[in-house]
Amino acid sequence: MSDVTRPHRTAAVIPAAGRGVRLGPGAPKALRALGGTPMLIHAVRAMASSRAVSLVVVVAPPAEAAEVRLLLGEHALPERTELLVVPGGETRQDSVRAGLDALPPDVTSVLIHDAARPLVPVDTVDSVIEAVRDGAPAVVPALPLADTVKEVEPGKPGEPEPVLGTPERARLRAVQTPQGFDLATLRQAHAAIAVAGEGATDDAGMVERLGVTVVVIPGHEEAFKVTRPLDLVLAEAVLARRRATDGY
Ligand SMILES: Nc1ccn([C@@H]2O[C@H](COP(=O)(O)OP(=O)(O)OP(=O)(O)O)[C@@H](O)[C@H]2O)c(=O)n1
Ligand SMILES: C[C@](O)(CO)[C@H](O)COP(=O)(O)O
């Protein structure tokens with residue numbers, strides 16, 4: 001739980017060590033260009049543009065850590081932003097843990113933000129931080145679903161899968177990043193899950209397993225994850241519109 005007597009310091013950890021297999025062959029996803037600039041740089045700028053974030057830890061693909069340090073030196077970022085680069089691990093969970101291990105002792109709260117969500121607006125980042133600083137131990141931006149969801153019995157690829165049920169859509173949310181945490185709570189969750197040897201697709205899911213309440217705040221359509229080739233087409237269009245309308 002957060003210690004109200006300690007001054008706040010918020011850091012952002014950006015897991016960027018994935019290969020991007022679903023995006024197709026090429027460089028690691030975070031290093032691929034979006035509007036001529038590596039996706040990772042957009043994600044770092046999105047975190048650094050919040051005045052509450054004073055440290056950004058980039059978790060790089062291990063073979064490209066030196067290249068990532070060079071890239072960060074070549075692109076303009078706010079002067080107030082301290083930057084660290086550490087090598088990532090085999091899974092997203094391992095990479096996040098490597099980022100948490102690099103945080104200095106004065107950090108009290110942390111954002112975990114996918115490099116693969118390069119266009120999250122700063123207002124969403126600020127809303128997550130505000131909710132954590134107001135005392136929520138774990139905060140997740142999320143959106144209602146546009147599609148109806150079926151639970152199925154997974155079968156072989158291409159084969160029909162029996163439907164087990166239809167969850168009530170009004171109760172479902174599609175979860176984004178940055179997810180914000182009281183740092184001590186997130187460290188505890190990562191330690192517990194590592195011991196249990198279980199996996200999780202997001203950090204909030206690990207905190208839930210501690211029995212700690214996670215809260216959802218409104219996400220943003222432009223915080224979508226670049227996962228497949230069509231997502232990159234959409235990201236280019238969103239970026240082009242931003243550049244035309246607000247000189248982004
Ligand atoms: N070992 C890993 C795997 C993923 N990630 C990061 O976690 C975020 C979310 O993962 P996803 O978008 O699913 O990326 P990839 O794992 O790269 O995608 P794919 O499964 O298509 O290879 C990304 O910013 C990715 O770089 C990471 O830091 N370390
Ligand atoms: C953390 C996350 O972005 C929440 O939607 C997502 O779960 C990470 O994606 P992955 O494909 O499972 O790595």
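Biologist: What makes the crossing of α3 and α5 left-handed?

Modeller: This is a predicted model, to begin with. A crossing is left-handed if the near helix is turned anticlockwise from the far one by less than a right angle. α3 passes α5 in that left-handed way.

Biologist: Which residues make the contact?

Modeller: V96, R97 and L100 of α3 meet L186, R187 and H190 of α5. They divide into three nonpolar, one polar and two charged.

Biologist: How do you know that the protein is as compact as a globular protein of its length?

Modeller: Start with the secondary structure: seven helices and twelve strands. The radius of gyration is 18 Å, and the globule rule gives 18 Å for 248 residues, so the protein is as compact as a globular protein of that length. Along its principal axes, the C-alpha trace spans about 55 × 45 × 35 Å.

Biologist: Which residues are around ligand 2?

Modeller: R92, D114, V175, Q176, T177, T201, D202 and K225. The criterion is a C-beta atom within 6 Å of the ligand. By class, this shell has one nonpolar, three polar and four charged residues.

Biologist: And which come nearest to ligand 1?

Modeller: P15, A17, G18, R22 and S95, out of 22 residues around ligand 1. That shell has eight nonpolar, seven polar and seven charged residues.

Biologist: T177 is around ligand 2. What kind of peptide bond joins T177 and P178?

Modeller: A cis bond, with omega about 10°. P178 lies in the loop between β10 (173–175) and β11 (179–182).

Technical notes
Residues numbered from 1 in each chain as written. Chains lettered and ligands numbered in written order. Predicted model: local features only at pLDDT ≥ 70, side-chain atom pairs only at ≥ 80, totals over all residues. Helix = DSSP H or I, 4+ residues; strand = E, 2+ residues; numbered from the N terminus. Contact = placed C-beta atoms within 7 Å. Nonpolar A, V, L, I, M, F, W, Y, C, P; charged D, E, K, R; others polar. Rg over C-alpha atoms; globule rule 2.2 N^0.38 Å.
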